[in-house]
Amino acid sequence: MGLEQDLDGLGVTFDHTAVAAPRIRDLLPIYQDLLGGRHLGGGGDSRAAGYRTVQLTYTGGGKVELMEPLAGSDFFDSFFELTRGRGGVHHLNFHVTDMDAAVARLTGKGYRLHGLNTGDPRWREVFLHPKEAHGVLIQLAQSGGDHGGTRVTLDDVLAGQGFDGNGIPSP
């Protein structure tokens, strides 16, 4: 049975593709300037994990999340080692309507999950190990609504002033 049947009824919807590089600024000429991505506000740091993100949207509804490590973080070390320091597609994000049910179904089927994070009702997530998905890291997430009020500009995020910003500008 495929993954689509295993999660049937949980409202699985594709949300975005995440691309990581040592610097978000190096991704902007392609994903913003060339391809026309628009930053609609938001983005920031995950200080606990050690990365910064922004999302760009495109005509037709597609989204790409751009990611970079925070200074001193080892979050992307193994990923950058695999990509010889260049980065690339980091993960695919799918939203589910019931994280607990998704985790129960997947573990019951023997899928290896990691990074289960259900402590914040605004964003609950788990990752399907790349060995389970032909080398692709799949993030399943359940969004609980508003993620923090004030919308920030792309320049704010790159200055370290986004959601949970550490105040240190991107390189």
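Two strands count as paired if DSSP finds at least two bridges between them. With that in mind, Ser46 stands opposite Tyr51 in strand β3, and three bridges join β2 to β3, which run antiparallel. Helices (H or I, at least four residues) and strands (E, at least two) are DSSP runs, numbered from the N terminus.

This is a predicted model, in which local features need pLDDT of at least 70 and side-chain atom pairs count only at pLDDT 80 or more, while totals for chains, interfaces and linings use all residues. Residues are numbered from 1 along each chain as its sequence is written, and side-chain values use heavy atoms, with hydrogens and water left out.

**The sheet**

- Strands of a sheet pair through backbone hydrogen bonds, either parallel or antiparallel.
- Here, eight strands make an open sheet with mixed pairing, in the order β2-β3-β4-β1-β5-β8-β7-β6.
- Its edge strands are β2 and β6, each of which pairs on one side only.
- From one strand to the next, the twist averages 25 degrees.
- Strand β5 (residues 88-95) runs parallel to β8, and four bridges join them; here Phe94 has Leu140 of β8 as its bridge partner.
- β7 and β8 pair in the antiparallel sense over six bridges, and Phe127 stands opposite Gln139 in β8.
- β8 is mostly covered, since five of its six residues are buried (buried means under 20% relative accessible area, exposed over 50%, and partly exposed in between, with a 1.4 Å probe and protein chains only).

- Axes are lines fitted to C-alpha atoms, for helices over the stretch in contact, and angles run from 0 to 180 degrees between N-to-C directions.
- Helix α4 (residues 99-108) also packs on the sheet, touching β6, β7 and β8 (138-143), and its direction makes about 15 degrees with that of β7.

**The β6-β7 hairpin**

- β6 and β7 form a hairpin with five residues between them.
- Strand β6 (residues 113-117) and strand β7 (residues 123-128) run antiparallel and are joined by three bridges, with His114 opposite Phe127 in β7.
- Is Gly115 buried or partly exposed? Gly115, found in strand β6, is partly exposed, with a relative accessible area of 43%.
- Not counting residues up to four places away in sequence, Gly115 touches Glu125, Val126 and Phe127.
- Gly115 and Phe127 are 12 residues apart along the chain, and their C-alpha atoms are separated by 5.9 Å.

**Nonpolar cores**

- In soluble globular proteins, nonpolar side chains tend to be buried together.
- A nonpolar core is a set of buried Ala, Val, Leu, Ile, Met, Phe, Trp, Tyr and Cys residues joined through side-chain atoms within 4.5 Å.
- The largest such core has 14 residues, and those with the most contacts inside it are Ile24, Leu28, Val54 and Leu66.
- At least two residues of this core come from each of α2, β3 (51-57), β4 (63-69) and α5 (154-158).
- Apart from it lies another core, of 13 residues, including Met99, Ala102, Val103 and Ile138.
- Which residues does Leu66 touch, not counting those up to four places away in sequence? Among them are Val19, Ile24, Leu27, Leu28, Tyr31 and Val54.

**Aromatic rings**

- Rings of Phe, Tyr and Trp (its six-membered ring) pair if their centres lie within 6.5 Å; planes under 30 degrees apart count as stacked, over 60 as edge-to-face and the rest as tilted.
- By this rule the model has seven aromatic pairs.
- The ring centres of Phe76 and Phe79 are 6.3 Å apart and their planes lie at 55 degrees, so this pair is tilted.
- Phe76 counts as buried at 0% relative accessibility, and Phe79 counts as buried at 13%.
- Ring pairs link Tyr51, Phe75, Phe76, Phe79 and Phe80 into a cluster.

**A closer look at His39**

- His39 lies in the loop between α2 (24-34) and β2 (44-46).
- Why does His39 count as buried? Its relative accessibility is 17%.
- A polar contact is a pair of N or O atoms within 3.5 Å; within protein, one must be able to donate a hydrogen and the other to accept it, and residues adjacent in sequence count only if both atoms are side-chain atoms.
- A polar atom of the His39 side chain lies 2.7 Å from the backbone oxygen of Gly42 and one lies 3.3 Å from the backbone nitrogen of Leu154.
- Leaving aside neighbours within four places in sequence, His39 is in contact with Val54, Gln55, Leu56, Val152, Thr153 and Leu154.

Definitions and conventions. Contact means heavy atoms within 4.5 Å.
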